[in-house]
Amino acid sequence: MVPLPNHYKLIIVEYSNDERVIFSWANEQQDESLTVELDCTGNLIYLSIEKK
């Protein structure tokens, strides 16, 4: 895994019934976000990086 910059704060952690987990971090001051979805073994399913 990779470290995130300190200015990103975890805003959402969601677990689904099909053993997936979604994490979202945001830097609200600069209107940026990062979202990852992982399966039950930690494999990346989805990645979204939104920048200004």
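Tutor: Let's start with a definition: a residue is buried under 20% relative accessible area, exposed over 50%, and partly exposed in between (1.4 Å probe, protein chains only). One more thing: this is a predicted model, where local features need pLDDT of at least 70 and side-chain atom pairs count only at pLDDT 80 or more, while totals for chains, interfaces and linings use all residues. Residues are numbered from 1 along each chain as its sequence is written, and side-chain values use heavy atoms, leaving out hydrogens and water.

Student: Okay, is Leu10 buried, exposed or partly exposed?

Tutor: Leu10 has a relative accessible area of 46%, so it is partly exposed. You'll find Leu10 in strand β1 (residues 9-15); strands are DSSP runs (E, at least two residues), numbered from the N terminus.

Student: And how do I read a pair of aromatic rings?

Tutor: You describe it by the distance of the centres and the angle of the planes. Rings of Phe, Tyr and Trp (its six-membered ring) pair if their centres lie within 6.5 Å; planes under 30 degrees apart are stacked, over 60 edge-to-face, and the rest tilted. This structure has 1 aromatic pair. The centres of Phe23 and Trp25 are 5.9 Å apart and the planes are at 20°, so the pair is stacked.

Student: What does Tyr46 touch, leaving aside its neighbours within four places in sequence?

Tutor: Contact means heavy atoms within 4.5 Å. With those neighbours left aside, Tyr46 is in contact with Thr35, Val36 and Glu37. Tyr46 and Val36 are 10 residues apart in sequence, and 5.5 Å apart in space, C-alpha to C-alpha.

Note on methods
Helices (H or I, at least four residues) and strands (E, at least two) are DSSP runs, numbered from the N terminus.
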